[in-house]
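Have the sequence and the 3D view open side by side.

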Amino acid sequence: MLPPAARYVDTMPELPEVETVRRQLEPLIVGARIVESEAHPSAKFSQATLATGYRVEGIDRRGKYLLIGLGDGMAMAPSMELIVHLGMTGGVHVVDSIPDDPYLRAWWSLKDGRFIMFRDVRRFGRLAVVPTGEYSSLPTLHALGPEPFDPALDGRSFHAALARSRRHVKTSLLSQRPVAGVGNIYADEALWRSRINPAARRVGPDRSERLLAAIREVLSEALANNGTTLRDYRTPAGDSGNNQEFLDCYGRGGQPCRSCGSTLSTRQLDQRTTTWCPTCQVR
DNA sequence: CGGGGTTCCTGGCCGC
DNA sequence: TGCGGCCAGGAACCCC
């Protein structure tokens, strides 16, 4: 049985999309024992096979990274983590058989007969198996900023984090250092909502607080909508996101600002497509 | 060690 | 209709 490719959800995974995957995956695979695995030879995926023999103990998430806890089921062996980054087009699916799929990059068979598969058309995703918490091989995860909903993250500390860099504020956000989990879509959305120009290089305390509040709003709203799905694909369960219907800024260049009616602008900012309102988001 | 530039990929889309 | 060319996009990687 070959699931048609178009039936897989194609997201642009940022925090809400990755958290949606985590929540769906957790009840399916926690407790399962991995008995065999296979991976694409690229270094981006080849470590997947190191998860063989382990039991899935839990699934956490940091920013856009899924952290799948691996143990021996008795806490005897040192615990490991299977780290999954979905990149642009990555997806994790639990299936009863391995499909003949040119974009299958890794799979793990489970003792109960099911399979976890990692599918990634553009190969921007990444898989790693590391000792728990040992993230030096993944520099962005290693230096990852706080979770956006961490109560310890407040306007003051967020401002301090932004002030450590003179890069454009949007580029800082995409670095994952001031806060984890914000990508191109939600960076544009949060900057629009907080009326901050993406090319600003200094963001003061008040605007930092506004930006943090906006990031929390756009992320929690997206999460409530099961994330943003940029194509009308649906899983067999019909559970793809619908947050794309609620985007105010991303992808709306040339269309009227929903706040002031000006035409939204789009240009490259540090090699990233960026949309903003030239009236609301003045420098 | 921060940060700028480059690279990885392929489907989709545009123009002819 | 076919096809070349271009583009998106996160983060590793290289180098200053």
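Is T274 buried or exposed? At 1% relative accessibility, T274 counts as buried; here buried means under 20% relative accessible area, exposed over 50% and partly exposed in between, with a 1.4 Å probe and protein chains only. Before going further, a word on the ground rules: this is a predicted model, where local features need pLDDT of at least 70, side-chain atom pairs count only at pLDDT 80 or more, and totals for chains, interfaces and linings use all residues. Residues are numbered from 1 along each chain as its sequence is written, chains are lettered from A and ligands numbered from 1 in the order in which they are written, and side-chain values use heavy atoms, leaving out hydrogens and water.

Back to T274, then. T274 sits in strand 10, and its side chain reaches the backbone oxygen of R272 at 3.0 Å. That is a polar contact, meaning a pair of N or O atoms within 3.5 Å; within protein, one must be able to donate a hydrogen and the other to accept it, and residues adjacent in sequence count only if both atoms are side-chain atoms. Helices (H or I, at least four residues) and strands (E, at least two) are DSSP runs, numbered from the N terminus. D270 has a phi near 50 degrees, a positive value in a residue other than glycine, and at 37% relative accessibility it counts as partly exposed. For context, most residues other than glycine have a negative phi. Q176 has a positive phi too, near 70 degrees; Q176 lies in the loop between helix 4 (169–174) and helix 5 (184–193) and is buried, with a relative accessible area of 6%.

Now zoom out. Chain A is assigned domain 1 (5–142) and domain 2 (155–276), with bounds that come from an automatic or database domain assignment. The C-alpha centres of domain 1 and domain 2 lie 27 Å apart.

Next, the DNA. Around DNA strand C there are 18 residues, and H85, F124, T140, Y250 and R272 come nearest; a residue is near a strand if one of its heavy atoms lies within 4 Å of it. Helix 2 (139–142) and strand 10 (272–276) each supply at least two residues of this surface. By class, the surface near DNA strand C has seven nonpolar, seven polar and four charged residues, where Ala, Val, Leu, Ile, Met, Phe, Trp, Tyr, Cys and Pro count as nonpolar, Asp, Glu, Lys and Arg as charged, and the others, Gly among them, as polar. Of the atoms of DNA strand C within 4 Å of the protein, 64% belong to sugar or phosphate and the rest to bases. Phosphate oxygens of DNA strand C lie 2.4 Å from an N or O atom in the side chain of H85, 3.1 Å from a polar side-chain atom of Y65 and 3.5 Å from one of Q268.

What about DNA strand B? Twelve residues surround DNA strand B, with Y103, V121, R122, R123 and F124 the closest. Sugar and phosphate account for 66% of the atoms of DNA strand B that come within 4 Å of the protein. Its surface has four nonpolar, one polar and seven charged residues. R122 has a side-chain N or O atom 3.1 Å from a base oxygen of DNA strand B. R123, by contrast, places a polar side-chain atom 3.2 Å from a phosphate oxygen, and the side chain of S165 has an N or O atom 3.4 Å from a phosphate oxygen of DNA strand B.

F124 has another neighbour: K44 lies over the face of its ring, at 5.4 Å from the ring centre. A charge sits over a ring if NZ of Lys or CZ of Arg is within 6 Å of the ring centre and within 35 degrees of the ring normal.

Finally, the structure holds two aromatic pairs. The rings of F45 and F118 have centres 6.0 Å apart and planes at 45 degrees, so this pair is tilted. Rings of Phe, Tyr and Trp (its six-membered ring) pair if their centres lie within 6.5 Å; planes under 30 degrees apart count as stacked, over 60 as edge-to-face and the rest as tilted. F45, in the loop between strand 1 (34–39) and strand 2 (55–62), and F118, in strand 7 (residues 115–120), are 73 residues apart, so the pair links distant parts of the chain. F45 is buried at 0%, and F118 is buried at 0%. In the other pair, W107 and F115 have ring centres 5.8 Å apart and planes at 80 degrees, so the pair is edge-to-face.
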